[in-house]
Amino acid sequence: MASADRCMVGTWVKIPALEPIEILADAGFDFIVIDQEHAPLTLEFAYQATVVAQGAGMSVLVRVPDRSGSHLQRLLDVGVDGILVPRVTSVAEAGAAVRQMLFAPGGDRGLGTTSRAGRWGGTPREEYLRFGNEEVMRAVQLEERAAIEAVDEILDVAGLNGVFLGMGDLQLSSGLPQSDPEIQKLVDRLLAAAQQRGVPAGTAVQTAAQAHAAAERGFRYVMVSNDTSLLRSAAASAVADLRSRFA
């Protein structure tokens, strides 16, 4: 994402089935985000979905259930392309999460060369370590006003190479609508800090028009809607059209 010549477009996955993964790949999404925070998706499903998605040409990010770090090692062993850690509020929390996703000496991630990430022992140790430290996206979600006000310090955490703006929770925590100038100043602050450091910044939107606006503003990756909402929208549109024709 840091070197791409355009904004990368993905969507959230919330349905615990593999067919939607293939459909999203066929539709042309660059990546998916397996949402373990707001959907009942297990490690086993994340493993299967990652295999299918990567085989179909998509990258795979996973939003873990919380910032405790208990899920990071196993998902990295699965071979996911990146992880989003939700509700990070401080430099200390960001640092703790990143350390668990980095190999020593910069971090505490355990060696797992016989996992899928190491091609079950087939990847040379040096390449396995290089990929884990240099190619995996380690992103934190900033969703509170205080966290974004501290964005410069958070993005200076060694090994952190991605950031995500959680606009919905930012509105809740601040009590302000997205259109409020204070919210927009926070967005500009996050984007400026990310751009200065070459860290890809992402966000989530509902429509293609909103995704285009986010890309124009400087976001480097955008999640557009999600599999459940896309299905609901298509179904509701089809039923509404049928009822209008048979009324």
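This is a predicted model: local features need pLDDT of at least 70, side-chain atom pairs count only at pLDDT 80 or more; totals for chains, interfaces and linings use all residues.

Trainee: Is tyrosine 47 buried, exposed or partly exposed, and what is its relative accessible area?

Mentor: Tyrosine 47 has a relative accessible area of 31%. Because partly exposed covers the range between under 20% for buried and over 50% for exposed, tyrosine 47 is classed as partly exposed.

Trainee: Which residues make a nonpolar surface patch with Tyr47?

Mentor: Tyr47, Val51 and Trp120 make a nonpolar surface patch of about 280 Å².

Trainee: Which residues lie nearest the centre of the largest pocket, and how many residues line it?

Mentor: The lining of the largest pocket consists of 28 residues, and Met167, Gly168, Thr203, Ala204 and Val205 lie nearest its centre. At least two lining residues come from each of β6 (162-165), α8 (167-174), α9 (181-197), β7 (201-205), α10 (208-217) and β8 (221-226).

Trainee: What are the volume and the lining of the second largest pocket?

Mentor: The second largest pocket has a volume of about 390 Å³. It is lined by 16 residues, with Met1, Ala2, Asp81, Glu135 and Met137 nearest its centre. Strand β3 (59-63) and helix α5 (125-134) each supply at least two residues of this lining. Nine residues of the lining of the second largest pocket are nonpolar, three are polar and four are charged.

Trainee: Next, what is the general idea behind a salt bridge?

Mentor: Side chains of opposite charge can pair when their charged atoms come close. The count for this model comes to 17 salt bridges.

Trainee: Which residue meets aspartate 30 in a salt bridge, and where do the two lie in the chain?

Mentor: Aspartate 30 meets arginine 6, with an N to O distance of 2.7 Å. This pair links distant parts of the chain, 24 residues apart: aspartate 30 is in the loop between α1 (19-27) and β2 (31-35), and arginine 6 is in the segment before β1 (8-13). Aspartate 30 is buried at 16% relative accessible area, whereas arginine 6 is partly exposed at 41%.

Trainee: How many residues apart in helix α5 are glutamate 134 and arginine 130?

Mentor: They are four residues apart in helix α5, so about one helical turn separates glutamate 134 from arginine 130. Their side chains meet in a salt bridge of 3.4 Å, N to O. Glutamate 134 is exposed, at 53% relative accessible area, and arginine 130 is partly exposed, at 28%.

Trainee: With which residue does arginine 197 form a salt bridge?

Mentor: Arginine 197 pairs with aspartate 156, and their closest N and O atoms are 2.7 Å apart. Since arginine 197 lies in helix α9 and aspartate 156 in the loop between α7 (151-155) and β6, the pair ties together parts that are 41 residues apart in sequence. Arginine 197 is partly exposed, with a relative accessible area of 26%.

Trainee: Which residues are linked in a network of salt bridges?

Mentor: Lys14, Asp35, Glu37 and Arg63 are linked in such a network.

Conventions: Residues are numbered from 1 along each chain as its sequence is written. Side-chain values use heavy atoms; hydrogens and water are left out. Patches are made of residues with over 30% relative accessible area and no salt bridge: like charges are joined within 9 Å, nonpolar side chains (Val, Leu, Ile, Met, Phe, Trp, Tyr) within 5 Å. Accessible areas come from the Shrake-Rupley method with a 1.4 Å probe; for residues, only the protein chains shown count as cover. A salt bridge is a side-chain nitrogen of Lys or Arg within 4 Å of a carboxyl oxygen of Asp or Glu. Buried means under 20% relative accessible area, exposed over 50%, partly exposed in between (1.4 Å probe, protein chains only). On a 1 Å grid over the protein atoms alone, a cavity is a set of points where a 1.4 Å probe fits but cannot get out, and a pocket is an open set with protein on both sides within 12 Å along at least five of seven lines; lining residues have an atom within 4 Å of a point. Grid points are joined across faces, edges and corners, and a volume is the space filled by probe spheres set on the points. Ala, Val, Leu, Ile, Met, Phe, Trp, Tyr, Cys and Pro count as nonpolar, Asp, Glu, Lys and Arg as charged, and the others, Gly among them, as polar.
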